[in-house]
Amino acid sequence: RDRDRDRDRLYCMVPFIWTPRFFPNYRAIKSTWGKRCDFLRFTVDAVVGDETVGFYNLTVPSEASAAREARMYPPDDVAVLHNMQRPWHCVDA
């Protein structure tokens, strides 16, 4: 019997806003409680950035390319959710 297959597994999905202000939180989550997850995935909407670095819509190829050049394109452990509503885009943090 495969012991690894019978083991409980933890899949963690963390909704996130991909902007430089929150990058320290991203790293902190990965290095602390994220280590408890068998699979850790952050989720963001397709618009990344902020007023300081600019906004990039990753569904638009030219903006996705610009986001890569600006080092604002999310890494592989971040799932970009396209066509997602952004109710928080007008919330003051």
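What follows is a chat about a predicted model of one protein chain.

Q: What helices and strands does the protein chain have?
A: There are three helices and five strands in this predicted model.

Q: And in what order do the elements run from the N terminus on?
A: They go α-β-α-β-β-β-α-β.

Q: Which strands make up the open sheet of three, and in what order?
A: The order is β1-β2-β5, and the pairing is parallel.

Q: Which of those strands stand at the edges?
A: That would be β1 and β5, the latter covering 78-81. Each has a single partner strand, so one side of each is left without a neighbour in the sheet.

Q: How much is the twist from one strand to the next?
A: It averages 30°.

Q: Let's look at β2 and β5. Over how many bridges do they pair?
A: Four, in the parallel sense, with β2 spanning residues 39-45.

Q: Which residue stands opposite V78 in β5?
A: F42 does.

Q: OK, which helix lies across β1, β2 and β5?
A: Helix α2, residues 23-31, lies across those strands. Relative to β2, helix α2 runs at about 160°.

Q: Switching to the surface: which residues form a nonpolar patch there?
A: Y11, M13 and F39 do, and together they have about 330 Å² of accessible area.

Q: Where is M13?
A: M13 is in strand β1, which covers residues 11-15.

Q: Is M13 buried or exposed, and why?
A: M13 is exposed, because its relative accessible area is 53% and the cut-off for exposed is over 50%.

Q: What about D8, where is that found?
A: D8 is in the loop between α1 (3-6) and β1.

Q: Does D8 count as buried or exposed?
A: D8 counts as exposed, because its relative accessibility is 71%.

Q: How far apart are D8 and D38?
A: In sequence they're 30 residues apart, and in space the C-alpha to C-alpha distance is 9.4 Å.

Q: Back to the whole chain. What share of the residues count as buried?
A: 29% of the 93 residues do.

Q: And how much accessible surface does the protein chain have?
A: About 6,800 Å², with 51% of that belonging to carbon and sulfur atoms.

Q: Last one: take contacts between residues at least 6 apart in sequence. What share join residues at least 24 apart?
A: For the protein chain that share is 62%.

Conventions: Residues numbered from 1 in each chain as written. Predicted model: local features only at pLDDT ≥ 70, side-chain atom pairs only at ≥ 80, totals over all residues. Heavy atoms only, no water. Helix = DSSP H or I, 4+ residues; strand = E, 2+ residues; numbered from the N terminus. Buried < 20%, exposed > 50% of the residue type's maximum accessible area, 1.4 Å probe, protein only. Contact = heavy atoms within 4.5 Å. Areas by Shrake-Rupley, 256 points an atom, 1.4 Å probe, with all protein chains shown as cover. Patch = residues over 30% accessible without salt bridge, like charges linked within 9 Å, V, L, I, M, F, W, Y side chains within 5 Å. Salt bridge = Lys/Arg side-chain N within 4 Å of Asp/Glu carboxyl O. Pairing = 2+ DSSP bridges. Axes fitted to C-alpha atoms, helices over the stretch in contact; angles between N-to-C directions.
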